Amino acid sequence: MTTLTVEANNLTRIYGGREAVGDVSFTLSKGEVLGFLGPNGAGKSTTMKMLTGNLAPSKGSVKICGVDMIEHPKEAKALIGYLPETPPLYREFTVDEYLSVAARLHGVSGKHIKAAVQRAKERCGLTEMSKRLIENLSKGYQQRVGIAQAIIHNPMVVILDEPTVGLDPIQIRDIRALIKELGGEHSVILSTHILPEVEMVCDHVQIIDKGKLVFNGSIDVLKQQRHGNKLLVGFNNLSIKEDLLKVAGVETVELLDNGLLRISYKPGQAPTEAIIQAAVKKGWGLHQINPDQTSLEDVFVQLTYQDTAA
Ligand code: ADP
């Protein structure tokens with residue numbers, strides 16, 4: 001039996017002759033939380049809509065737990081819970097009323113509706129809000145209601161489109177904790193433009209830019225890209241560039257505006273120790289030596305804004 005919950009093959013969507021999403025392919029396994037990350041306009045919502053059967057792809061296919069979305073939309077959609085960017089809330093309903101309607105719409109049978117509503121409320125921290133009108137809830141609680149309706153039928157796959165936009169820091173923290181918890185029982189796709197959100201919540205990340213996937217891997221692999229085989233070194237004596245280039249492993253030496261030197265080296269051959277030894281021996285006045293780590297934000301920018309000027 002397949003453990004793949006989502007299989008996207010060459011998903012493509014063309015709007016008025018312009019490709020909004022092109023050839024996006026990936027798989028998701030049971031229990032995985034996938035961060036679908038990209039700047040605004042990158043094609044995240046369009047991809048989410050195609051994954052959930054709310055938008056027909058111009059090309060490509062989606063299978064949910066092996067069920068083809070185009071051939072068997074009803075069965076495939078029943079396996080998904082979806083929180084769109086704008087939650088589909090009936091503001092004049094109470095939480096209980098709304099979740100009961102959502103359960104019915106998701107095909108939960110009459111006798112199981114009460115238990116399904118109860119469980120979704122418990123998981124989303126909404127039990128105390130049962131009788132409150134949705135329009136009177138804070139945005140954070142409204143978002144919880146949106147997530148509760150997405151999981152009410154206990155779907156295999158939960159897809160959340162920008163779930164923390166517009167929330168305050170405490171609400172954001174709570175919603176992120178909830179998403180992480182959902183990952184235990186469901187496969188989750190979290191679409192977001194917020195990098196730290198992916199870092200905190202997801203095991204796996206895909207970065208989309210201008211409709212194309214530009215990165216697909218674990219968060220750890222993304223983090224490894226920060227290590228750029230470079231050192232930042234400070235010496236009292238700045239006229240030692242030529243001597244440094246003679247140290248084993250050193251490839252280039254660049255003087256920065258702040259007076260530090262950026263030294264690049266061959267992968268796997270960090271010359272840290274050799275530099276320290278040479279500095280002590282030759283009296284260069286070494287006062288600082290650190291790995292030159294780009295931030296995860298820089299990696300994201302490098303991956304997504306490389307050719308925006310074009
Ligand atoms: P994101 O969710 O990453 O912000 P979207 O998927 O909403 O990106 O949009 C991707 C691109 O497709 C954007 O250039 C957007 O303007 C365009 N787009 C989205 N929806 C439509 C539509 N209904 N008609 C025409 N263009 C659209």
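Let me start at one residue: Glu-162 sits in the loop between strand S7 and helix H6 (169–185). Helices here are DSSP runs of H or I with at least four residues, strands are E runs of at least two, and both are numbered from the N terminus. This is a predicted model, in which local features need pLDDT of at least 70, side-chain atom pairs count only at pLDDT 80 or more, and totals for chains, interfaces and linings use all residues. Residues are numbered from 1 along each chain as its sequence is written, and side-chain values use heavy atoms, with hydrogens and water left out.

Glu-162 is not a glycine, yet its phi is positive, near 45°. Most residues other than glycine have a negative phi. Is Glu-162 buried or exposed? Glu-162 is buried, at a relative accessible area of 6%. Buried means under 20% relative accessible area, exposed over 50%, and partly exposed in between, with a 1.4 Å probe and protein chains only.

Asn-154 also has a positive phi, about 50°, and is not a glycine. Asn-154 lies in the loop between helix H5 (139–151) and strand S7 (157–161). With a relative accessible area of 46%, Asn-154 is partly exposed.

Next, a sheet. Four strands form an open sheet in the order S2-S1-S4-S5, and the pairing is antiparallel. Which strands are at the edges? They are S2 (18–29) and S5 (67–68), each of which pairs on one side only. Two strands count as paired if DSSP finds at least two bridges between them. S4 (residues 59–64) and S5 run antiparallel and are joined by two bridges. In this pair, Ile-64 stands opposite Val-67 of S5.

Now the whole chain. The protein chain has eleven helices and 14 strands. Its C-alpha trace spans about 85 × 45 × 40 Å along the principal axes. The radius of gyration is 25 Å, whereas a compact globule of 310 residues would have one near 19 Å. That radius is taken over C-alpha atoms, and the globule rule is 2.2 Å times the number of residues to the power 0.38.

Of the 310 residues in the protein chain, 47% are buried. Among contacts with a separation of 6 or more, 68% are between residues 24 or more positions apart; a contact means heavy atoms within 4.5 Å.

That is the end of my part.
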